[in-house]
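Here is a short report on selected side-chain contacts and secondary-structure elements. Have the sequence and the model open as you read.

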Amino acid sequence: MNLPRIGITMGDPAGIGPEIIVKALSMEEPFQACQPFVFGDREVLSKTIEMLGLTTTVEVFEKIPEEGYLPQRIFLSPLSQLEVDSFRFGKPDTKCGEAMVKYVEEAVKWVRSGKLDAITTCPINKKAINAAGHPFSGHTELLAHLVKANSVAMMFLGSRWKIVLVTTHLPLKEVSQYITFDRILSTIRMTDEGLRKYFGMTHPRIAVLGLNPHCGEDGLLGEEEKMEIIPAIAEARSQGMDVEGPFPADSFFNFTRRTPFDAVISMYHDQGLIPVKMVDFEEAVNLTLGLPFIRTSVGHGTAYDIAGKGLANPTNLIKALLMASKLSKLKRDY
């Protein structure tokens, strides 16, 4: 079987990334869909295996193995050497911040060179990577920088909705200045292309939400709809895309009926992610649009409160790996 090769970045060594990797790769399901290869820290993974009482092994490789992918065998590119004697789960520091960035940088090199079909990322800590001298507000922004992408967008894949964000990790008070014609039109284009490329849709239908309550009430509650959102929708329609909106966000997400749209474009982070996580907290997967390769991610954070306690659930990582594998196959066909 020609299974896709998926690189997994360990994320924050002090978070639940190591634990969900060990648990996921001790199960059969990921190996039925892909050949996983981890970028991380050998000693941290070994400490995690010991904590969980598993017999899983960690095997170091300088290049992707051709065969031998089996449950309880973790194939690893070791990119950090953290001191496990002084290491504490739930307590990130600048060394962890530097390690997180190294894992992502190396995985990007490998996937861009064709050694991998896709990458799946475990959660990072934004404060720690900034403390280490990397001024990015999240994975998406770091990835965009590494590939010099002009525009990227986060698409969250749930059982009911595919949600794409116009803005990502911003303070709420700064969101409105980023709700621009160009940014919205670019997000619509990436969404349309992503639905065609990754999901095989020949005529995707896209909904766009407003920013303000009641879509601004014709300017009374805000002018972003009149000045930026509606013109961007009109331009997208003139280019042949099937786009409707803006819709008031408070009444759009109806749990009693299925949406007629293939994707929904949200103006800011919580506007789009609250409904997704209410329905699919453990299963929603993040796909980054606008990159020259497939990147999926878990939809949760580092969970410091349970890190190192054996309580982390690997379901979301498994879903992200399965999605990366599925999208790799669809992209080949496309």
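Phe247 is partly exposed, at 22% relative accessibility. The cut-off for buried is under 20%, so Phe247 does not count as buried at its 22%. Phe252 does count as buried, with a value of 9%. This is a predicted model, and side-chain atom pairs count only at pLDDT 80 or more.

How many aromatic pairs does the structure hold? The number is 10. In one of them, the rings of Phe247 and Phe252 have centres 5.4 Å apart. Their planes stand at 50 degrees, so this pair is tilted. Phe247 and Phe252 also belong to one aromatic cluster, together with Trp161, Phe253 and Phe261.

## Phe37 and Phe39

A pair of aromatic rings is described by two values, the distance of the centres and the angle of the planes. Another of the 10 aromatic pairs joins Phe37 and Phe39, with ring centres 5.5 Å apart. Their planes are at 75 degrees, so the pair is edge-to-face. Phe37 and Phe39 are both buried.

## Charges over tryptophan rings

Trp161, a member of the aromatic cluster, has Arg160 lying over its face. The distance from the ring centre is 5.3 Å. Trp110 has a charged residue over its face too: Lys115, at 4.9 Å from the ring centre.

## Salt bridges across strands

Side chains of opposite charge can pair when their charged atoms come close. How many salt bridges does a search of the whole structure find? The search finds seven.

One of them joins the side chains of Arg205 and Glu244, at 2.7 Å from N to O. Arg205 sits in strand β8 (residues 205–209), and Glu244 sits in strand β9 (residues 242–247). The two are 39 residues apart, and the pair links distant parts of the chain. Arg205 is partly exposed, with a relative accessible area of 26%. Glu244 is partly exposed as well, at 29%. Asp242 joins Arg205 and Glu244 in a network of salt bridges.

## Lys23 in helix α1

Lys23 is placed in helix α1. Which residue forms a salt bridge with Lys23? The partner is Glu19, and the closest N and O atoms are 2.7 Å apart. Lys23 and Glu19 are four residues apart in helix α1 (residues 17–24), so about one helical turn separates them. An α-helix has 3.6 residues a turn, so residues three or four places apart point the same way.

Are Lys23 and Glu19 buried or exposed? Both are buried. For Lys23, the relative accessibility is 16%. The Lys23 side chain has backbone contacts as well. One of its polar atoms lies 3.0 Å from the backbone oxygen of Gly310. The backbone oxygen of Ala312 lies 2.7 Å from a polar atom of this side chain.

## Helix α7

Helix α7 (residues 181–199) has 19 residues. From its first C-alpha to its last, α7 reaches 26 Å, close to the 27 Å expected at 1.5 Å a residue. Just after α7, Gly200 takes a positive phi of about 70 degrees.

Within α7, Glu193 and Lys197 lie four residues apart, about one turn of the helix. They form a salt bridge, with the closest N and O atoms 3.7 Å apart. Glu193 is partly exposed, with a relative accessible area of 41%. Lys197 counts as buried, at 16% relative accessibility.

Which strands pair with β5? Strand β1 (residues 5–9) pairs with β5 in the parallel sense, over four bridges. Here Ile6 stands opposite Ala118 of β5. Strand β12 (residues 294–298) also pairs with β5 in the parallel sense over four bridges. There, Thr121 stands opposite Ser297 of β12.

Note on methods:
Residues are numbered from 1 along each chain as its sequence is written. Side-chain values use heavy atoms; hydrogens and water are left out. The expected span of a helix is 1.5 Å times one less than its number of residues. A salt bridge is a side-chain nitrogen of Lys or Arg within 4 Å of a carboxyl oxygen of Asp or Glu. Buried means under 20% relative accessible area, exposed over 50%, partly exposed in between (1.4 Å probe, protein chains only). Rings of Phe, Tyr and Trp (its six-membered ring) pair if their centres lie within 6.5 Å; planes under 30 degrees apart count as stacked, over 60 as edge-to-face and the rest as tilted. A charge sits over a ring if NZ of Lys or CZ of Arg is within 6 Å of the ring centre and within 35 degrees of the ring normal. Two strands pair if DSSP finds at least two bridges between them. A polar contact is a pair of N or O atoms within 3.5 Å; within protein, one must be able to donate a hydrogen and the other to accept it, and residues adjacent in sequence count only if both atoms are side-chain atoms.
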